[in-house]
Amino acid sequence: MSTTVLSARALSVLLGDWRHHSGTLAQALADRVRLLVLDGRIALGARLPAERQLADHEGVSRTTVAAAYARLRELGYLVSRRGSGSVTALPAGDAPAFDVVDRPDMLDFSKATLPALPAVVDAAAAAVARLPQHLGLAGFDLYGLDEVRQAIADRFTARGLPTSADEIMVTLGAQRAIALIAQALVGRGDRVLVENPSYPHALEAFSSAGARLVGVPVSTEHGWDDEAFEQLLPRSAPCLAYLMPDLHNPTSATMPAAQRERVAALADRHGTRIVVDETMVDLAFDPATVQVPMASCSPRIITVGSVGKSIWGGIRLGWIRADRETIGELARARPAGDLGSPTLEQLLLSELLQRFDGLVAERTAQLRAGEQLLRALLSERFPEWRLPEVDGGLVLWTNLGRPVASEFALLARAEGVQLGAGPRFSIDGAFERYLRLPFCYPETLTRRAVDAMERAWERLGPARADVPDDDALVTTVV
Ligand SMILES: Cc1ncc(COP(=O)(O)O)c(C=O)c1O
C-alpha cells in the first residue's frame, strides 16, 4: 500500500494555531492531530513528518513533538511502521481505555443533514407510477429529462433570471456538480478563489483537481470584503471563484445586491469565472429576502443548486445552470465521473418541483423553530458565546470567545456529540474560535447535544489569562 507523506509544511497548514489549549504544548499538538485524523483531514495511513522537521517548522522543541507523537501512539492514533516512520491510524477496539471513545449513541452535529419532508413518499409513488413509460430507455442520461430541466429553468426564470431548459444539466447532487466543474474547468496548479471559511467538500473537490486555493474572508457580521476581491482577483488571476452569496455555509451571510454586481464585474474584468453555489438559497426564513440569482450579473457565471437541503439529501439530485457551450463542455467531461442522473429519481424530482413552494415553506418553518430553540438553549447555557443573527440556512457559526474549538470538539466527542470545529471550514487551519452548530435536528437531539456540550465545556475549564482575547487580535492583527 502506498503511504501519503505529509510534509512539515503541509501538516503545519492543517494544524493552524494549535497552541491555544489548556494543557501542555505536547497535549495541544497531540489533540490537534487527533482531531485532524478523526475529521478525515489527515488520511489514515499518512506518514507524519519526522520529529525534528516538525519541531523546526513549528518553532517548538523536539521533546515537545516527541511527547506529542508518544501520546498519539499511546492512544492508537499513530503506529510505527518499519521503513515508513510514524503513520496515522484509528484506535483498535481493544486499545487501552482513553477519554475519547466513539460511542454507539454518538450524535453527529458536525453535519447539517435533514430528515425528508413527508411529501417525498407520495411523490415517490407518483414517480414509480410513471416509470413504465421510461423502461425502454437507458434509465440515466447526461443532461437530465426535458421536463426536469424545464422545471428547474422555470424556477430560475421565476426568480428573475430568464433561463431555458438547455442551459440546465441535472447532476448527482450539488456535490457532483461542483466536482464536475472542478474536473472540467480547473487545471493542475490553477488558482481557485474560495471564501474562507467555506464548505469543506467543495474545497476538497477543487484541491483534488489540482487547484491552489486563495481565500477571501467572509464573516457573519461583515459579510464579504470588497477590498479582498479587488486585491486578490488581479494578483492571483484565479480561473474560478467559488462563492455562496446566498446563506453562505457556514456563516449564513448573504451578499447584498450591489456587491454581487461589483464582484461579478471585477471577476469578468480579470477573466475569472464565478461558480455560485445556491444549495442554501431556498432556506431563507422569509422568502421576500431571497435575491435575484447572482448569475443575472454576468452570463459567464455558473450556478449550482440542489434539493438536498430544501427537500431531502436522499434525493441525490442537483443541477448546474450555465451557458449552452459550458453545459456541453461539462457533459463531455461528465462520464469520467458518472454516467448520468437516474430516471426514477428525476421523475421523483419532477413531482416535487411541481409543489416546490409549499414544500419550501414547510421546511423553512421547521428551520425557524429549530433556530429559535438552539439560540435559546445556547444563550442560557453558554452566555459568553456569541451567536450570529441569521436570515435562514441550517447553522449558527458560533463564536466561542476563545480559540478552543478543536479542544472543545474532542471533549464533546467524549461526551457523545461530534462537532464541526471552525478549522474544518478553513483553508489554512484558522477559525479556532468558531463552531458550526446545526439547528436542523429534532428537538430531542438538539437538547441532548446541548447537554453534552455543557458537560464538555465544563471539562474545558475557565479561560486562561495568557490567551489573548479574540477582539484584541482583530484590532491588532490587520
Ligand atoms: C454549500 C453546499 N454545497 C453543496 C452541498 C452538497 O449538496 P448535495 O447534497 O446536493 O450534493 C452541500 C451539502 O451540505 C452544501 O452545504
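**Group meeting: a ligand site and selected buried residues**

Good morning. Thr364 lies in helix H13, residues 356–381; helices (H or I, at least four residues) and strands (E, at least two) are DSSP runs, numbered from the N terminus. This is a predicted model, in which local features need pLDDT of at least 70, side-chain atom pairs count only at pLDDT 80 or more, and totals for chains, interfaces and linings use all residues. Residues are numbered from 1 along each chain as its sequence is written, and side-chain values use heavy atoms, with hydrogens and water left out.

To stay with Thr364: its relative accessible area is 5%, so it is buried. Buried means under 20% relative accessible area, exposed over 50%, and partly exposed in between, with a 1.4 Å probe and protein chains only. Residues up to four places away in sequence aside, Thr364 touches Asp282, Leu283, Ala284 and Phe285, where contact means heavy atoms within 4.5 Å.

I turn now to the ligand. Which residues surround the ligand? They are Gly173, Ala174, Gln175, Tyr199, Met244, Asn249, Asp277, Thr279, Met280, Ser306, Lys309 and Arg316; a residue is near a molecule or strand if one of its heavy atoms lies within 4 Å of it. By class, this shell has four nonpolar, five polar and three charged residues. Here Ala, Val, Leu, Ile, Met, Phe, Trp, Tyr, Cys and Pro count as nonpolar, Asp, Glu, Lys and Arg as charged, and the others, Gly among them, as polar. Helix H7, residues 173–185, gives the most to the shell, with three residues.

A polar side-chain atom of Arg316 is 2.5 Å from an oxygen atom of the ligand. An N or O atom in the side chain of Asp277 is 2.6 Å from a nitrogen atom of the ligand. A polar backbone atom of Ala174 lies 2.7 Å from an oxygen atom of the ligand. The protein buries 91% of the 390 Å² that the ligand exposes when taken alone; accessible areas come from the Shrake-Rupley method with a 1.4 Å probe, and for residues only the protein chains shown count as cover.

Next, the loops. Asn249, one of the residues around the ligand, is joined to Pro250 by a cis peptide bond, with omega about 15 degrees. Pro250 is in the loop between S9 and helix H10 (257–269). Ser252 lies in the loop between S9 and H10 as well, and has a positive phi of about 65 degrees although it is not a glycine. Is Ser252 buried or exposed? Its relative accessibility is 7%, so Ser252 counts as buried.

A cis peptide bond also joins Asn196 and Pro197, with omega about 10 degrees, and Pro197 is in the loop between S6 and H8. In helix H8, residues 200–208, the buried residues are Pro200, Ala202, Leu203, Ala205 and Phe206. Their cover includes H7, strand S6 (191–196), strand S7 (212–219) and strand S9 (240–243). Gly210, with a positive phi near 95 degrees, follows H8.

Finally, Thr398 lies in strand S14, residues 395–399. Its relative accessible area is 0%, so Thr398 is buried. Neighbours within four places in sequence aside, Thr398 is in contact with Leu378, Trp385, Arg386, Leu387, Pro388, Arg433, Tyr434, Leu435 and Leu437. By contrast, 32 Å separates the C-alpha atoms of Thr398 and Arg321, which are 77 residues apart along the chain.

Note on methods: A polar contact is a pair of N or O atoms within 3.5 Å; within protein, one must be able to donate a hydrogen and the other to accept it, and residues adjacent in sequence count only if both atoms are side-chain atoms.
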